[in-house]
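Please look at the sequence and the structure before reading the solutions.

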Amino acid sequence: MIKKVFDLYINIILLGLIAIPIGMAVGAIDAVFGRTLLWLTDVRMEHAYQLIPFLGVIGAVMVWCYNRFGGKSSKGMALIFEAGHGMTDDIPLRMILFTIIGTWLTHLFGGSAGREGVAIQIGGTIAHGIGKRLPMQDSAKLLLMTGMAAGFAGLFRTPIAAAFFAIEVLTAGVLEHSVIFPALVAAFTASLTSGYLGLEKFTFALSDPIALSWTLVFQLLILGILFGITGGLFSLTLYKLKQAFAQRFQNHVLRIFVIGLVISGFSLICWSGRYSGLGTNLISMSFAGGVMTWDFALKFAFTTVTIAAGFQGGEVTPLFAIGATLGVALSSYLGVPAAFAAALGYAAVFGSATNTLIAPMLIG
């Protein structure tokens, strides 16, 4: 018994040491990816009418390349989850290149998507490749979660939240205690590395005084219910849209081309790409002013359609934007400060849609 406990702690310490170079590598890649993505976002905003109309064409090229050269990497995040659940032991390194370029193109040409999917795939691919070569028990799975934590932390610069997000999102309701230490080590290393390489993180300090009262508790309950419903609807809508698009368009290339054209048209109609990209513009306006009542609904619609069509990216940052703008929209009806409601929505809608609890609390 003592030997088993001793071996367990030795393995955890060894995984923690291995997590350091993983965090450094993933953080460096995250920095390049993230800074380039922000630059491409600026380019799109300056040349919206020259770039957004070609989203469908670029999407068709992306899917063709995935089908022709991507192999298993075309599964994207699904492959990461399959590896985490022991359904496959092979994540090709080419997935990193495909998902990075695919996400850059999605954002450059006006798709409404996030970026965490790329970061998690980067970290998961690198760490899983190392883990499956180690003789330790469950090393591939444990390092996969460690790499996921590094990817999220390197991009968002929230290491503690990233570690718990990686653990929570892979197996809902279960915390793998043995991976907490290496995940935290990798997350802090990745965050420090990407920060050193110039990738900044978003923060906003709430200044409105909030007094605890029974009225506030009631307001928080109402907000929580509405944020939870919104996050749940996001996941359900995304699932249903994927099914509907797959039934309507058997050809993946044709599917993303046609839906991409529709997204382009509506993106230009709706204030020249206001709902394109990450949604960081909406997040900034949520805390600085300028949000319109329907912003959350349109960002919701553009994001679910973009991801369901097959464009690369993720969901987290758009979920932040949806939650923040919804919070502002609800604040006037419930009598709470707009920035406070935006901050709550920022974290809560993300938590509801991803079925995570600890990570969104820490992000908040």
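## Exercise 1: helix 3 against helix 11

In this predicted model, the axes of helix 3 and helix 11 come within 7 Å of each other and cross at roughly 155 degrees. Classify the relative direction of helix 3 and helix 11, state the handedness of the crossing, and describe the contact by residue and by class.

Solution. Step one takes the angle of roughly 155 degrees and sets it beside the cut-off, under which angles over 145 degrees count as roughly antiparallel; helix 3 is therefore roughly antiparallel to helix 11. Step two concerns handedness, and here helix 3 passes helix 11 in a right-handed crossing. Step three lists the partners: from helix 3 come Leu 55, Gly 56, Val 57, Gly 59, Ala 60, Val 63, Trp 64 and Asn 67, which meet His 252, Val 253, Ile 256, Phe 257, Gly 260, Leu 261, Ile 263 and Ser 264 of helix 11. Step four sorts this contact by class, giving ten nonpolar and six polar residues, with no charged residues.

## Exercise 2: helix 13 and its partners

Work out how helix 13 is oriented towards helix 11 and towards helix 14, and identify the residues that helix 13 brings to each contact.

Solution. Step one treats helix 11 and helix 13, whose axes cross at roughly 160 degrees and come within 9 Å; the angle makes helix 11 roughly antiparallel to helix 13, and the crossing is left-handed. Step two names the residues: Phe 302, Val 305, Thr 306 and Ala 309 of helix 13 meet Arg 255, Ile 256, Ile 259, Ile 263, Phe 266 and Ser 267 of helix 11, a contact that divides into seven nonpolar residues, two polar and one charged.

Step three turns to helix 14, which packs with helix 13 at an angle of about 160 degrees, the axes being 8 Å apart, so helix 13 and helix 14 are roughly antiparallel to each other. The crossing of helix 13 and helix 14 is left-handed. Step four gives the contact residues, with Asp 295, Phe 296, Lys 299, Phe 300 and Thr 303 of helix 13 meeting Pro 318, Ala 321, Ile 322, Thr 325 and Leu 326 of helix 14; by class, this contact has six nonpolar, two polar and two charged residues.

## Exercise 3: the two pockets

Describe the volume and lining of the largest pocket, and then do likewise for the second largest pocket.

Solution. Step one assigns the largest pocket a volume of about 1,300 Å³ and a lining of 38 residues, among which Met 77, Ala 78, Lys 242, Ile 307 and Glu 315 lie nearest its centre. The elements that give two or more residues to this lining include helix 3, helix 11 and helix 13, while helix 10 gives the most, with six residues. By class, the lining of the largest pocket has 19 nonpolar, 14 polar and five charged residues.

Step two finds about 840 Å³ of space in the second largest pocket, which is lined by 35 residues, with Lys 201, Phe 202, Thr 203, Ile 283 and Tyr 346 the closest to its centre. Helix 14 is one of the elements that give two or more residues to the lining of the second largest pocket, whereas helix 15 gives the most, with five residues. The lining of the second largest pocket divides into 23 nonpolar, seven polar and five charged residues.

Definitions and conventions. Residues numbered from 1 in each chain as written. Predicted model: local features only at pLDDT ≥ 70, side-chain atom pairs only at ≥ 80, totals over all residues. Heavy atoms only, no water. 1 Å grid on protein atoms, 1.4 Å probe; cavity = no way out; pocket = protein on both sides within 12 Å on 5 of 7 lines; lining within 4 Å. Points joined across faces, edges and corners; volume = space filled by probe spheres on them. Helix = DSSP H or I, 4+ residues; strand = E, 2+ residues; numbered from the N terminus. Nonpolar A, V, L, I, M, F, W, Y, C, P; charged D, E, K, R; others polar. Axes fitted to C-alpha atoms, helices over the stretch in contact; angles between N-to-C directions. Parallel < 35°, antiparallel > 145°, perpendicular 65-115°, else oblique. Left-handed = near helix turned anticlockwise from the far one by under 90°. Contact = heavy atoms within 4.5 Å.
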